[in-house]
Amino acid sequence: MATIGLFYGTQTGNTKIIAEKIQVAFAGTAVVQLHDIAAADPTDFEAYDNLIIGCPTWNLGELQADWDGFYDELDNIDFRGKKVAYFGAGDQVGYADNFGDAIGILEAKISERGGVTVGYWPTTNYEFRESQALRGEQFVGLLIDEENQSDLTDQRIQQWVTQLKKEFGL
């Protein structure tokens, strides 16, 4: 059984591609099991002590549609004792006032439910004005900007996964 459950929502396919790259960086399905949130059930989270949550920011700081539909279900999940990392896709130029808001929204809710956030990511080399994903001087997780910084995606994923392996105790 995989030790990490990666739950993602995707509108255009970018977040699914990022999720697959994260899975490969962790050495595949033996370690990370992918779950499209559109087909997930709250009980699916129970099997994992380590979680990765992936959600793009949609429109003006909104959750992706499938995560939006699942959001209230998070109240039915006990995240106590679970380590939770977050990643999201966004456009820091076109949406500089709400870059990465979706993962900030999900992190706030899951933390309320007892989840322990891991995988904080520096804001270095990003240019944005505001983000609900900020906690102090860091993002709550990895933000990927395929629109403006696609050349940094693979490197960022590799660095983040290396960090998560330590934080997850793998």
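Q: Which residue in strand 10 is the bridge partner of Leu134?
A: Start with the general idea. Strands of a sheet pair through backbone hydrogen bonds, either parallel or antiparallel. Now the case here, in what is a predicted model. The bridge partner of Leu134 is Phe139 in strand 10.

Q: In which sense do strand 9 and strand 10 pair?
A: They pair in the antiparallel sense. Two bridges join strand 9 to strand 10, which covers residues 138-139.

Q: What is the strand order in the open sheet of three strands?
A: The order is 8-10-9, with antiparallel pairing. Strand 8 (121-122) and strand 9 (134-135) are the edge strands. Each of these two pairs on one side only.

Q: Which strand is joined to strand 3 by five bridges and runs parallel to it?
A: Strand 1 (residues 4-8) is joined to strand 3 in this way. Here Gly5 stands opposite Leu51 of strand 3. Strand 6 also pairs with strand 3 in the parallel sense, over five bridges. In that pairing, Val84 of strand 6 is the bridge partner of Leu51.

Q: How many residues of strand 3 are buried?
A: Buried means under 20% relative accessible area. Five of the five residues of strand 3 (residues 50-54) pass, so the strand is largely enclosed by the rest of the structure.

Q: Is helix 3 mostly covered or mostly uncovered?
A: Mostly covered: nine of its 12 residues are buried. Among them are Ala102, Ile103, Leu106 and Ile110. The charged residues Asp101, Glu107 and Lys109 are in the buried set too.

Q: What span should the 12 residues of helix 3 have?
A: At 1.5 Å a residue, helix 3 should span 16 Å. Its end C-alpha atoms are 17 Å apart, which agrees. Just after helix 3, Gly114 takes a positive phi of about 105 degrees.

Q: How many salt bridges does a search of the whole structure find?
A: Side chains of opposite charge can pair when their charged atoms come close. The search finds five salt bridges. Let's look at some of them.

Q: Which parts of the chain does the salt bridge of Lys109 and Asp75 tie together?
A: The two side chains meet at 2.9 Å, N to O. Lys109 lies in helix 3 (residues 101-112), and Asp75 in the loop between helix 2 (65-70) and strand 6 (83-89), so the pair ties together parts that are 34 residues apart in sequence. Lys109 counts as buried, at 10% relative accessibility. Asp75 counts as partly exposed, at 36%.

Q: Where do Lys21 and Asp154 lie?
A: Lys21 is in helix 1 (residues 14-25), and Asp154 is in helix 4 (residues 153-168). They are 133 residues apart, and the pair links distant parts of the chain. The side chains meet in a salt bridge of 2.9 Å, N to O. Lys21 is partly exposed, at a relative accessible area of 33%. Asp154 is partly exposed as well, at 45%.

Q: Is Arg80 buried or exposed?
A: The cut-off for exposed is over 50%. Arg80 has a relative accessible area of 62%, so Arg80 is exposed. Its salt-bridge partner is Asp78, with the closest N and O atoms 2.6 Å apart. Asp78 is partly exposed, at 38%.

Q: How far apart in space are Phe70 and Gly81?
A: They are 21 Å apart, C-alpha to C-alpha. In sequence they are 11 residues apart. Phe70 lies in helix 2. With a relative accessible area of 5%, Phe70 is buried.

Q: What is the volume of the largest pocket?
A: Here is the idea behind pocket finding. Rolling a probe the size of a water molecule over the atoms shows where empty space is left. The largest pocket has a volume of about 320 Å³.

Q: Which residues lie nearest the centre of the largest pocket?
A: They are Thr57, Trp58, Ala89, Gly90 and Asp91, out of 20 residues in the lining. Helix 1 and strand 4 (57-58) are the elements that give two or more residues to this lining. By type, the lining divides into six nonpolar, 10 polar and four charged residues.

Methods
Residues numbered from 1 in each chain as written. Predicted model: local features only at pLDDT ≥ 70, side-chain atom pairs only at ≥ 80, totals over all residues. Heavy atoms only, no water. Salt bridge = Lys/Arg side-chain N within 4 Å of Asp/Glu carboxyl O. Helix = DSSP H or I, 4+ residues; strand = E, 2+ residues; numbered from the N terminus. Buried < 20%, exposed > 50% of the residue type's maximum accessible area, 1.4 Å probe, protein only. Pairing = 2+ DSSP bridges. 1 Å grid on protein atoms, 1.4 Å probe; cavity = no way out; pocket = protein on both sides within 12 Å on 5 of 7 lines; lining within 4 Å. Points joined across faces, edges and corners; volume = space filled by probe spheres on them. Expected span 1.5 Å × (residues − 1).
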